[in-house]
Each structure stands twice: as structure tokens, then as C-alpha cells.
Amino acid sequence: MPEATELETIYSAVEETARLVDAPCSRDRVWPALDTFGKWLDDAHIIFSMGTGARYRGELAFDFSLPKAAGDPYAAALAGGLLEKVDHPIAGLLPEIRDRFTVDAYGVDFGIVGGFRKAVAFFPLAEPQSMKALTELSSIPPALAEHAESFGAAGLDGKVSAIGVDYRSRSWNLYISGLTPEYTRPDAIIPTLRGMGLPEPSEHMLEFIGTSYAMYPTFGWDSTRIERMCFSTRTSDPDLLPARIEPAVGKFAREMPTVHKGEPSYVYAGTVARGEEFFKLASYYQMSSQVSDRVRPAD
């Protein structure tokens with residue numbers, strides 16, 4: 001486990017980063033997460049994320065990877081008092097995934113204001129899962145089967161790199177990697193999003209989607225509709241399109257603290273949802289030498 005001084009350093013980075021987005025940072029709120037997961041953080045991906053949408057104002061996401069040996073993050077969050085037990089079928093999704101498939105690593109999405117939000121199970125990079133196999137899980141809601149055919153027709157079956165579960169909102173994500181330009185060009189993505197009941201993206205968003213390599217549909221539990229669709233790209237450029245049109249994103253990219261060596265590493269994301277579209281930026285504070293290099297699933 002990291003020395004107490006190392007956890008203090010991580011907490012100081014949380015405080016410093018929170019000031020960049022005007023998010024209130026309370027030691028009483030953040031330190032329980034360090035107590036619960038601290039033994040794994042000396043060699044973990046640690047990522048800070050902010051967003052321009054209404055649901056992200058005044059919030060900072062403190063996200064980190066966990067090795068497979070750490071076990072189910074939801075169970076750890078319950079034991080650490082970070083989350084109350086969820087009396088809902090969604091609590092059974094990650095255990096069934098762990099029992100049926102090879103899980104390479106886990107991830108935690110923790111809001112310094114909102115607390116423990118999401119657990120993510122990552123499949124091995126060389127073994128992404130097919131949607132057909134996932135639809136056979138007893139705990140997967142029918143939404144996946146509803147959309148699997150259209151995703152498959154676009155060449156996206158067999159490209160599921162992870163599944164995320166948001167226990168508070170009773171929602172879940174598929175993380176699909178390996179998008180092709182044929183899928184993300186405007187004449188393809190506009191009708192695709194329209195067919196999902198999502199609005200047509202703005203010109204800025206369409207330009208960004210054209211650079212993306214991964215997408216993350218978010219589903220509720222009791223409906224088959226896709227709640228929102230997020231597209232992402234990874235770069236070392238702090239002045240990518242979202243940073244140029246959203247000053248808060250650019251400020252975050254330029255001023256975010258980091259301890260990892262080498263080029264800065266950012267994951268920009270653009271989200272299309274009913275009622276709004278927004279951008280997010282995830283910036284790596286620390287990079288693991290053990291866990292497969294992962295990009296945070298932006299929601």
C-alpha cells in the first residue's frame with residue numbers, strides 16, 4: 001500500500017485540480033475513497049475529468065484503474081461505506097460478467113462531490129467481447145439486443161472493450177473501440193443518431209466525431225432507448241477542437257497537474273444527448289506500468 005505521504009500527495013492533486021473547475025473539495029468526502037482503494041493506487045492509472053454539461057458543473061471526476069486482483073469495485077465500495085447496497089438487478093451485472101468472461105482490470109469513477117458513481121470491467125485488449133455473447137447474459141437488459149443488430153451491421157460487433165455500471169443512476173455503458181471513418185463521417189453518423197432518437201449534432205460536434213475512435217452508448221435499465229452517445233479520441237494535444245471552443249476545457253488541459261513522465265495524455269469526449277450536447281476532458285495524472293493502458297470511459 002502507498003505510504004500515507006503518497007496518499008496525501010494524491011489528495012493534494014485532487015484539491016489542486018478541483019480548484020480548476022470550481023468544485024468544492026472536502027477531505028471528508030474524498031479520503032474514504034483513498035482508504036478503500038489506496039492499496040492499489042501506487043501503480044494505477046489516475047485520471048481527472050471535467051465536463052461542460054449541466055450534470056458536470058461543479059464536479060470533478062477522480063477516476064482510477066484497479067488490477068483484477070482488487071476484485072469487484074462495487075463490493076469494495078460497499079465495504080468502505082462509499083455506497084449503500086443497491087436493491088436492484090443492476091447489482092448483479094458485473095458479477096455475472098466476471099463469472100462468464102475474462103476480466104483484465106477494473107476501473108472506478110468517483111466524483112469528489114457525488115461520490116462513488118461507476119464501476120467498470122475491462123476485457124483484455126486482445127479479446128474484446130461480441131454483443132451477441134453479452135446479450136446471452138441473464139442480467140443484461142433487453143436494450144442491448146434491441147441495438148445489437150444495427151451495431152453489428154456497422155461492423156462494431158466484437159469490439160466491446162468494457163462495460164460500466166452506474167449504481168446511483170441505474171444506468172450502464174458499453175464501450176466500443178475501433179470506430180472507422182466510414183462510421184463517423186457526417187452522412188453516416190447523422191442518420192445513425194437519428195435512428196436512436198438522438199438529436200443531430202452541431203457542426204463542431206460532427207467535426208469532433210470525425211476524429212473519434214471509440215463510442216460509449218449509455219442505457220437506462222427499464223427502457224431500450226439509448227440515453228446518450230459519447231465519442232472519444234486520445235491525444236497529447238491540449239488544443240484539440242473542444243479546448244478551442246470551450247475555454248474551461250482548454251484551461252483544464254493546460255493547468256492539470258501530472259506526475260507521469262513523457263508527453264501529456266488526454267482523452268477528449270463529445271456527448272450527444274436529448275436536450276444538450278457537451279464535451280469532456282480526461283487528463284492522466286499518473287500512468288500504470290502494470291495494468292493495460294486504458295482510456296477512461298466517458299459518459
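Predicted model: local features only at pLDDT ≥ 70, side-chain atom pairs only at ≥ 80, totals over all residues.
User: How many helices and strands does the chain have?

Analyst: The chain has eleven helices and ten strands. Its radius of gyration is 18 Å, close to the 19 Å that the globule rule gives for 299 residues, so the chain is as compact as a globular protein of that length. The radius is taken over C-alpha atoms, and the rule is 2.2 Å times the number of residues to the power 0.38. Along the principal axes, the C-alpha trace spans about 50 × 45 × 35 Å.

User: Is phenylalanine 37 buried or exposed?

Analyst: A residue is buried under 20% relative accessible area, exposed over 50%, and partly exposed in between (1.4 Å probe, protein chains only). Phenylalanine 37 counts as buried because its relative accessibility is 2%. In the chain, buried residues make up 55% of the 299 residues.

User: Which residues does phenylalanine 37 touch?

Analyst: Contact means heavy atoms within 4.5 Å. Not counting residues up to four places away in sequence, phenylalanine 37 touches Phe64, Leu66, Pro73, Ala76, Ala77, Leu82, Val108 and Phe116. Across the chain, 72% of the contacts between residues at least 6 apart in sequence join residues at least 24 apart.

User: What is a nonpolar core, and which residues of the largest one touch the most other members?

Analyst: A nonpolar core is a set of buried Ala, Val, Leu, Ile, Met, Phe, Trp, Tyr and Cys residues joined through side-chain atoms within 4.5 Å. The largest has 90 residues, of which Phe48, Phe62, Ile97, Phe116, Tyr167 and Leu174 touch the most other members. Helix α1 (residues 4-20) gives the most to this core, with seven residues. A second, separate core of nine residues includes Val120, Ala214, Cys230 and Ala269.

User: Where is threonine 184, and is this residue buried or exposed?

Analyst: Threonine 184 belongs to helix α7 (residues 181-184). Its relative accessible area is 1%, so threonine 184 is buried. Leaving aside neighbours within four places in sequence, threonine 184 is in contact with Leu179, Ile189, Ile209, Gly210 and Ser212.

User: What is the phi of aspartate 22, and what is that of arginine 170?

Analyst: Aspartate 22 has a positive phi of about 55° although it is not a glycine. Aspartate 22 is found in the loop between α1 and α2 (27-37) and counts as exposed because its relative accessibility is 67%. Arginine 170, also a residue other than glycine, has a positive phi near 55°. Arginine 170 is in the loop between β5 (160-166) and β6 (171-177), and is partly exposed, with a relative accessible area of 31%.

User: How many residues apart in sequence are serine 289 and aspartate 43, and what is their C-alpha to C-alpha distance in space?

Analyst: Serine 289 and aspartate 43 are 246 residues apart in sequence and 6.6 Å apart in space, C-alpha to C-alpha. Serine 289 lies in the segment after β10 (276-286) and counts as exposed, at 59% relative accessibility.

Conventions
Residues numbered from 1 in each chain as written. Heavy atoms only, no water. Helix = DSSP H or I, 4+ residues; strand = E, 2+ residues; numbered from the N terminus.
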